[in-house]
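The sequence and the structure are shown first, and the description follows.

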Amino acid sequence: MSEVFDFSDVGKFCPGGFLPNPKDSSLFLPLGNHVDVYFLPRKRSRISAPFVVSGEPKQQPSIDVLPDECLFEVFRRLPGGQERSACACVSKRWLMLVSSIARDEICTSKTTQFAEPEIRSSPVEAHDSAKPKEKSDDINGIKSEDEECQENDSHGYLSRCLEGKKATDVRLAAIAVGTASRGGLGKLSIRGSASTRGLTNLGLKAISRGCPSLRVLSLWNLLSIGDEGLCEIASRSRFLEKLDLCHCPAITDKGLIAFAMNCPNLMSVTVESCSNIGNESLKALGRYCPNLRCVTVKNCPLVGDQGIAGLFSSAGHILEKANLQALNISDVSLAVIGHYGSAMTDLSLVGLQNVNERGFWVMGKGQGLQKLKSLSLTACPGVSDLGLEAVGKGCPDLKLFALRKCPHVSDSGVVSFTKAVGSLESLKLEECHRITQCGFFGILGSCGGKLKALAIENCLGIRDLDFVFPVTSFCHSLRSLSIRNCPGFGDSCLGMLARFCSKLTHVDISGLQGISDAGILPLVQSSEAGLVKVNLSGSAKLTDNVVTAIAKLHGETLELLNLDGCQYITDLSMIAIARNCSVLRELDVSQCGITDSGIAVLASAEQLSLQIFSLAGCSLVSDKSLPFLVLLGKTLVGLNIQHCRGISCGTVDLLVDQLWGCDLLS
């Protein structure tokens, strides 16, 4: 029987089994003559220690086992911002904990030096304490001067911008921790997108705790941001000066009112496409913001007359700029603006569909816009000749005026307006189709000799009529003239214009298919001050005669020349430019008839120092121009050779290699 149990490897029996001695056969019941009992060998135990009931591995001691409350107390007692930043890099959990520490919750040396527990000294420490102490940065628990300045000198010098998927709570927490000891965060811009899902109010709370120096906050297209996060920032960012909220539907009046009540330095507020912000917010801004200077409200359906009236009646004496666009306001709001806007210098009204002629008339009669310098009216169907004249009389100090997409304004209205203002320096008319040739020249004759810039764009009512306008006064003050995409403007109008304006320096006559050399040459020849910028793009009938005249008469002052689309311009123009234009910096001859010879002439001009050169669509230019383009490239910062079919890919590659300091479009 003993042979059955006699194994050479007795260690196969695990200690602590159910038998004290496996070989003791007396413990078994008697067995029959033909019965054999065999026990399968068992594996040796790998653990020599006493038997352990629990199967869980023994965990090593770690600081991570501490609850968040304990870690919070540890982190807020760290000596400086760099130490807290280092801890925030350990894990996401530590980052979020460090970012939850507000500036006033950080324990400084003065608040903790008497609260530190007594430390028992060991023999080694006692021996070390007997030695003279070396000079250190921390003496008696007080921080060094450099560290304390670094900790407290947070003036908001840093700027951060998050866009799209990068806008998350974790990134905001990292920004809050990282910028705290590096000058402080002054400007934060978050531009979300349809895929932005990782940003919530938690991220804004981190910014509020770690960035009290914030001065500019811009939130765009954030669907998940609500009042909770904004209220946190408003309660701690008392230095905030500028707030932009755009496409944030979850933000209501509560969030904006919090900024109005807690941020006394607020100077500029922009609210665009926020469907839950209404009148109460604007009332609070006017009531609680003593430094408010600029307000922009666009496409907010809950904003009405009560909000605008409350804002201007309370803050009209300090508001300097206002932009109201696509709002459900009526004549009442314009009447309040005209009466209370005594400090207003810049006013823009866009898409006010419910404002009638009476509203603009009352705004002008209110006599409150005496300091207004700039006025822009766009897509307001209620603007008429009568209302426009009243506005002109009510704004005697107006300098800049822009009128766009107002179909009811005619020649009589704009001429009466310019006469009433008397101090107008810049006038722009766009898509006002009732303005004709009489109105155009009437403006020049009634501007009072102060108009410096006139721009007419997409006005289809102007026709090139053959008549002589009575010249009662010349507009010698006009320096800049822009006539764009007015198909009825022709040579006859340009000829009369040359008689009125002899001091032009900036001429932009683009998109006028009907003009020719006969119209442009008198204007070029009449300019006594010297043309500086000339844009003739899209004037397909012009020839080399115009360019030669411009180069000879104004080559010493000409800095920009745009001939894009002038198909009859050839190498002769390049020769005139190379010989006469010594200060030309930008030349555009796209889709013109120049060849490799013309580029060679330009490259040989020693006095020419072009910075921007465009050859886009010049089909006659080939690979032979490579050495000449390289020569020009010594001064170029921009070269456009797009759609030049004669230039091969190999030549483009060579240009890229040799013109490494030039932006090349190919």
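Among contacts in the protein between residues at least 6 apart in sequence, what percentage join residues at least 24 apart? In this predicted model, the share is 82%.

**Overall make-up**

The protein has 666 residues, and buried residues make up 47% of them. Its secondary structure consists of 25 helices and 20 strands. The accessible surface comes to about 33,300 Å², and carbon and sulfur atoms account for 54% of that area.

**The nonpolar core**

The largest nonpolar core holds 179 residues, and Leu 403 and Phe 613 are those with the most contacts inside it. Helix H19, which covers residues 491–500, gives the most to this core, with 6 residues. When neighbours within four places in sequence are left aside, Leu 403 is in contact with several residues, among them Leu 377, Val 383, Leu 388, Val 409 and Val 414. Lys 428, Glu 430 and Cys 432 are also included in the contacts of Leu 403.

**Salt bridges**

Side chains of opposite charge can pair when their charged atoms come close. The structure holds 10 salt bridges.

| Pair | N to O distance |
|---|---|
| Glu 228 and Lys 205 | 2.4 Å |
| Lys 283 and Glu 280 | 3.7 Å |
| Glu 320 and Arg 293 | 3.9 Å |

The side chains of Glu 228 and Lys 205 meet in a salt bridge. Because Glu 228 lies in helix H10 (residues 227–236) and Lys 205 in helix H9 (residues 201–210), the pair ties together parts that are 23 residues apart in sequence. Glu 228 is partly exposed at 44% relative accessibility, whereas Lys 205 is buried at 16%.

Lys 283 and Glu 280 both belong to helix H12 (residues 279–288), where they are 3 residues apart, about one turn of the helix. Glu 280 has a relative accessible area of 42% and counts as partly exposed.

Glu 320 forms a salt bridge with Arg 293. This pair links distant parts of the chain, 27 residues apart. Glu 320 is in the loop between helix H13 (305–315) and strand S7 (321–325), and Arg 293 is in the loop between H12 and strand S6 (294–298). Glu 320 is partly exposed, with 33% relative accessibility, and Arg 293 is partly exposed as well, with 26%.

A network of salt bridges also links Lys 373, Asp 397 and Lys 399.

**A nonpolar patch on the surface**

Ile 63, Val 65 and Leu 66 form a nonpolar patch on the surface, and together they have about 240 Å² of accessible area. Leu 66 is placed in the loop between helix H1 (2–5) and helix H2 (68–75). With a relative accessible area of 31%, Leu 66 is partly exposed.

Is Ser 537 buried or exposed? Ser 537 is buried, and its relative accessible area is 14%. Ser 537 lies in the loop between strand S15 (533–535) and helix H21 (544–554). Its side chain is joined to that of Asn 535 by a polar contact of 3.0 Å. If residues up to four places away in sequence are not counted, Ser 537 touches Ile 509, Ser 510, Gly 511, Asn 562 and Asp 564.

Terms used: Residues are numbered from 1 along each chain as its sequence is written. This is a predicted model: local features need pLDDT of at least 70, side-chain atom pairs count only at pLDDT 80 or more; totals for chains, interfaces and linings use all residues. Side-chain values use heavy atoms; hydrogens and water are left out. A salt bridge is a side-chain nitrogen of Lys or Arg within 4 Å of a carboxyl oxygen of Asp or Glu. Helices (H or I, at least four residues) and strands (E, at least two) are DSSP runs, numbered from the N terminus. Buried means under 20% relative accessible area, exposed over 50%, partly exposed in between (1.4 Å probe, protein chains only). A nonpolar core is a set of buried Ala, Val, Leu, Ile, Met, Phe, Trp, Tyr and Cys residues joined through side-chain atoms within 4.5 Å. Contact means heavy atoms within 4.5 Å. Patches are made of residues with over 30% relative accessible area and no salt bridge: like charges are joined within 9 Å, nonpolar side chains (Val, Leu, Ile, Met, Phe, Trp, Tyr) within 5 Å. Accessible areas come from the Shrake-Rupley method with a 1.4 Å probe; for residues, only the protein chains shown count as cover. A polar contact is a pair of N or O atoms within 3.5 Å; within protein, one must be able to donate a hydrogen and the other to accept it, and residues adjacent in sequence count only if both atoms are side-chain atoms.
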